[in-house]
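Subject: Structure handover

Hello,

Please find below the structure you are taking over. My notes on it come after.

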Amino acid sequence: MSGLSMSAKLRLGNQSLLTAGMLVFMAQAHADSMSALIAQKSAQANLRYTPSYSAAPAATVSTRSTIKRARPHTASRSTSYSYPQPFYQPPQVLPAFLSGSYDNVDSQYLPILSQAESQSSTAAREVISTARTMALNERAIIQGGCWDYLDAVFKRAGVTRDTVHKGIYRQGPYAASHEIQAGDWLYYINHGYNGVEHSGLFVGWVDESAKQALMLSYAGENRREPARYKVYDLSNVYQIMRPTI
């Protein structure tokens with residue numbers, strides 16, 4: 001280098017500077033190219049993994065309760081006939097003729113007896129009233145059995161009897177509950193006493209769906225006891241005799 005002229009040295013210096021500048025420029029260009037490539041790859045990655053979906057509608061919150069209230073249970077009733085009537089409310093004050101103290105009728109059944117006597121047909125009312133007087137007030141004793149007692153009731157009431165249903169003991173056909181009316185003289189199987197045949201005066205239903213009815217029954221057989229109002233099972237009524245005038 002010491003043997004070179006000044007102009008040659010200047011040329012060499014300029015070339016060195018030019019070469020260094022080119023290297024810096026190329027390095028900068030390469031860096032810029034890499035930055036651009038990285039940015040491009042990042043953008044592609046974002047496009048690739050960004051889910052595409054439409055905005056979901058806003059949720060609607062209802063404050064109305066969806067709980068269903070249970071309906072109260074109600075006992076089923078026959079639509080063809082029911083006694084006492086579904087709308088019937090037992091009177092709080094019983095009539096004077098039922099204000100006494102009796103040992104042959106449960107006091108809870110007195111309202112049924114009161115309604116039967118006040119709402120029946122004329123002939124039935126005469127029978128029910130006469131039977132009530134004989135059983136509760138007079139405590140009458142009739143010689144004979146159940147048939148003799150009811151025959152005396154019908155005769156004293158001044159009515160006749162008309163057979164509206166006729167079957168045979170243990171064979172039937174048996175009457176449906178809607179065929180029976182207050183004041184009817186019934187023949188039925190006495191399930192509470194060895195299944196024997198029995199007769200009694202129908203007063204009213206205690207539970208028609210279960211065939212449970214309030215009856216005036218006379219035991220007789222020399223027991224010297226007045227007739228009693230009792231609940232009987234009327235599942236097998238094979239004869240109905242109805243009072244008429």
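The notes below cover the sheet first and then the helices.

This is a predicted model, in which local features need pLDDT of at least 70, side-chain atom pairs count only at pLDDT 80 or more, and totals for chains, interfaces and linings use all residues. Residues are numbered from 1 along each chain as its sequence is written, and side-chain values use heavy atoms, with hydrogens and water left out.

Helices (H or I, at least four residues) and strands (E, at least two) are DSSP runs, numbered from the N terminus.

An open sheet of 6 strands has the order 1-6-2-3-4-5, with antiparallel pairing (two strands pair if DSSP finds at least two bridges between them). Strand 1 and strand 5 (228-233) are the edge strands, each pairing on one side only. From one strand to the next, the twist averages 40°.

Strand 2 (185-190) is joined to strand 3 by 6 bridges, and Ile189 has Glu197 in strand 3 as its bridge partner. These two strands form a hairpin with 5 residues between them, and Asn194 in the turn has a positive phi of about 60°. Strand 2 is also joined to strand 6, by 4 bridges; the bridge partner of Leu186 in strand 6 is Ile240. Since 6 of the 6 residues of strand 2 are buried, it is largely enclosed by the rest of the structure (buried means under 20% relative accessible area, exposed over 50%, partly exposed in between, with a 1.4 Å probe and protein chains only).

The helices

Helix 2 (residues 110-119) lies across strand 3, strand 4 and strand 5, and runs at about 90° to strand 3 (axes are lines fitted to C-alpha atoms, for helices over the stretch in contact, and angles run from 0 to 180 degrees between N-to-C directions; contact means heavy atoms within 4.5 Å).

Helix 3 has 16 residues, which at 1.5 Å a residue should span 22 Å; its end C-alpha atoms are 21 Å apart, which agrees (the expected span is 1.5 Å times one less than the number of residues). The buried residues of helix 3 include Val127, Ile128, Arg132 and Met134. Among the elements that the buried residues of helix 3 pack against are helix 2 and helix 4. Arg139 follows helix 3 and has a positive phi, near 50°.

Helix 4 (residues 146-157) should span 16 Å, and its end C-alpha atoms are 17 Å apart, which agrees. Its buried residues include Tyr149, Leu150 and Phe154, and strand 1 and strand 2 are among the elements that its buried residues pack against. Just after helix 4, Gly158 takes a positive phi of about 75°.

Regards
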